[in-house]
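Subject: Structure handover

Hello,

Here is the structure you are taking over. Please keep it open while you read the notes below.

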Amino acid sequence: MKRIVYLYFLGLSLLTNSTVAQQAWFRLDTTATVTRAGKNLLNPWAGGLNAGQFSTMDLDGDGTDDLVAFDRTTNRVTTFLGNAATKTYRHAPAYEALFPPMENWMLLVDYDKDGRKDLFTHTPQGVKVYKKIQNGSTWSWKLFKPLLNSVGFSGPINLLVVATDIPALTDVDNDGDLDIITYEILGNFVEMHQNMSMERYGVPDSLEFIRNGLCWGNFVKEHCNDFKLGVDCGAVENVGGGTSNGRILHAGNAILIQDLNGDGKKDMLMGHVTCDNVARLVNTGTNRVADFTSFDVNYPAQNPVNFTIFPAVYSEDVDFDGVKDLLAAPNVYANEGNLMDFQASTWYYHNAGTDSNPTFELRQKNFLQDQMIDIGENAAPAFFDVDGDGDQDMLVGTGGVRGETGFRGSLQLFRNTGDAKTPRFDWVGEEYLKLSETFQLTHIKPQWADFNGDGVPDLGFSGVSFQGIEYRYLPNRAARGQAVQLSVNEAITITLPGAQASDIPYFYDTDQDGDLDLLVGKAQGNIVHYLNTGTAKQPAYQLQTENLAGVGTNFAGRFVSVAVADINLDGQPDLLTADQTGMVRIFHTGTWGQWSRRDSLLVEAGNGATAPRLGAYLQATVADYTGDGKPDVAVGTYGGGIRLLTNVLPVTITAVEPVPHSTFIVYPNPAEGYLHVRSPLNGLLDIISISGQILQENITLTADAEKTLSTARWTPGLYVLRVRYTDRQEVKKIVVK
């Protein structure tokens with residue numbers, strides 16, 4: 001395997017660890033080509049989208065509004081540069097690092113009318129605001145208000161927006177400053193928080209609010225579409241105080257305020273947590289003292305929004321014609337009941353009318369998603385030369401999609417039609433191996449490894465069923481370097497110790513004895529290490545530690561996934577982790593389990609490195625997909641996409657004499673009558689009993705020549721084969737029947 005071969009290249013030179021730690025390890029790759037149905041995807045590595053919240057702002061200072069998406073399911077920001085000439089958006093991950101950590105919701109609005117969008121987002125007490133600060137050609141966010149307040153009858157209190165909700169941030173009364181419309185804490189009444197900046201100071205930059213009336217709009221609701229109109233909210237044109245709280249029952253509302261019929265009065269679009277539709281409420285009052293006197297529950301009338309549960313809508317010009325269009329997406333934290341289609345969860349309605357009298361026409365249901373790898377949810381990548389043509393193909397496990405047999409996970413193959421150094425992935429489209437027809441599994445996570453000890457990597461995969469997590473592998477019947485030969489009918493089950501449905505297993509030979517040991521990333525954030533004290537075909541897992549690398553249970557780092565490779569090329573295996581913080585970390589410098597360094601500042605940012613937040617529920621893997629001898633990283637996201645991190649460590653590899661690092665091969669195992677031994681180097685073989693007695697020694701092995709040994713006279717049991725090289729020794733365990 002190329003991924004292993006480069007570790008022992010002669011002429012390897014590496015900067016000191018202290019130097020490596022000060023500079024970037026990786027660059028976010030946005031250029032590796034992916035085709036689907038013969039067409040190149042514009043943004044293949046953008047990471048997918050589930051429940052997007054959409055705002056525009058000028059990211060690069062060229063005068064054209066760009067697009068920012070915040071995904072509620074992953075708490076991840078994705079940034080796209082707009083091209084008005086081609087009417088397209090290009091993924092630009094460099095801007096994502098500029099955004100602060102956020103949860104639940106994010107909207108960009110220019111509150112102080114300085115021509116620059118500012119950032120509003122959730123805080124546990126309500127709303128916090130960041131101001132955009134321009135510094136020459138660069139910009140940053142500065143925390144302006146850690147918490148917004150509003151004055152009611154009882155005085156100033158925090159302006160609360162429930163975490164589940166999307167508020168309306170707009171100049172409702174057209175007086176030049178930004179007002180806030182939101183539901184009360186449990187969601188029956190709408191509140192108007194009127195901004196008093198213009199009244200008090202004549203400028204819109206203060207964000208000082210007063211609650212206007214008992215409620216706003218003269219209506220109340222409890223459940224889906226049960227609007228009760230004609231309620232006296234007590235809102236006034238000249239506000240001077242607030243109100244007491246009313247009885248509230250049901251949280252979960254998303255609001256958009258906009259004139260929808262051209263009468264100059266701002267109407268309301270809203271989605272509710274128990275609804276699949278967007279309702280329109282028509283305002284016949286004034287803007288400051290709204291009176292919603294009629295409603296309809298399917299908007300737009302043609303091809304209305306429908307998302308199974310809790311839709312939300314956003315008004316932005318996304319086709320560069322100067323008129324605001326409508327984007328709709330589910331406002332959910334997860335795929336409730338597995339009823340969502342997260343491959344087509346961003347609906348784009350072109351506005352053929354005007355901003356104040358729109359005509360919304362549905363153009364597509366997978367806006368942005370059609371130009372990226374988006375398999376729905378919970379993407380889990382694994383690389384291997386599936387077709388035996390000498391380059392790395394990509395296999396991606398999926399969380400699942402709903403079909404005739406219900407919600408099922410699957411495998412998607414991305415065949416590398418380029419070469420080892422210039423990959424070009426073709427998304428095959430049809431389900432690889434058709435696992436969903438055989439197994440009732442969701443959240444499938446693949447891994448290529450030699451599970452049966454025959455020297456050829458097999459395909460392993462975990463999945464979640466009604467009984468919990470299950471693990472199987474498919475033996476690869478092909479010879480090493482040939483196109484894989486796999487059959488679902490030959491699936492072999494591996495029993496995982498202490499298994500929980502949320503476990504993320506990873507197999508690796510941690511003690512280099514020739515069989516696979518087990519690492520398990522836990523939902524609680526710790527990493528469990530089991531040693532295989534049995535054999536490849538008959539594993540027996542013995543607990544070594546529940547806190548590998550000192551990573552114990554921790555809330556911030558929960559749902560941790562792991563991978564192992566010598567990423568910094570120092571000859572020692574490193575541990576790579578990804579967790580709920582959205583960050584990737586590398587434990588390195590030292591022998592297995594005794595690493596002395598941990599780095600999270602990994603990705604290029606200007607002249608230094610940053611720790612990108614790639615979202616929640618990540619699945620990381622390592623592979624040299626660029627063929628330069630340096631391990632790259634691919635991270636599967638909960639959004640259903642892949643983020644690629646190309647290794648940019650300043651390493652010079654001179655392939656004077658390529659030497660395979662892969663350990664010697666012994667097969668069959670268990671052996672019955674004979675066994676074959678093949679070594680990549682000249683060496684001496686010793687046969688040792690399980691009690692430590694040397695039975696045969698100094699058996700000459702010639703590089704790449706197969707040695708056959710008769711086991712007919714060996715006592716059945718466990719044996720150790722040791723091969724001694726000039727610079728090291730390696731061992732494998734075998735069972736003789």
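A polar contact here is a pair of N or O atoms within 3.5 Å; within protein, one atom must be able to donate a hydrogen and the other to accept it, and residues adjacent in sequence count only if both atoms are side-chain atoms. This is a predicted model, in which local features need pLDDT of at least 70 and side-chain atom pairs count only at pLDDT 80 or more, while totals for chains, interfaces and linings use all residues. Residues are numbered from 1 along each chain as its sequence is written, and side-chain values use heavy atoms, with hydrogens and water left out.

Glu 191

Glu 191 sits in strand S16, residues 190-195 (strands are DSSP runs of E, at least two residues, numbered from the N terminus). Its side chain makes a polar contact of 2.7 Å with that of His 193, and another of 3.1 Å with that of Arg 211. Is Glu 191 buried or exposed? Glu 191 is buried, because its relative accessible area is 8%, and buried means under 20%, exposed over 50%, and partly exposed in between (1.4 Å probe, protein chains only). Leaving out residues up to four places away in sequence, Glu 191 touches Ile 180, Ile 181, Thr 182, Glu 184, Arg 211 and Trp 216 (contact means heavy atoms within 4.5 Å).

The nonpolar cores

A nonpolar core is a set of buried Ala, Val, Leu, Ile, Met, Phe, Trp, Tyr and Cys residues joined through side-chain atoms within 4.5 Å. The largest one has 40 residues, and Leu 148 is among those with the most contacts inside it. Strands S5, S8, S10, S24 and S25 each supply at least two residues of this core. Apart from this core lies another, of 34 residues, including Ile 567 and Val 633. Beyond its neighbours within four places in sequence, Leu 148 is in contact with residues including Phe 120, Ile 157 and Phe 209.

Leu 675 belongs to strand S52, residues 674-678, and counts as buried because its relative accessibility is 0%. Its contacts, not counting residues up to four places away, include Trp 714, Leu 721 and Ile 734. The C-alpha atoms of Leu 675 and Ile 157 are separated by 78 Å.

Thr 646 lies in strand S50, residues 642-647, and is also buried, at 6%. Among the residues it touches, not counting those up to four places away in sequence, are Trp 25, Tyr 625 and Asp 632.

Regards

How values were computed: Helices (H or I, at least four residues) and strands (E, at least two) are DSSP runs, numbered from the N terminus.
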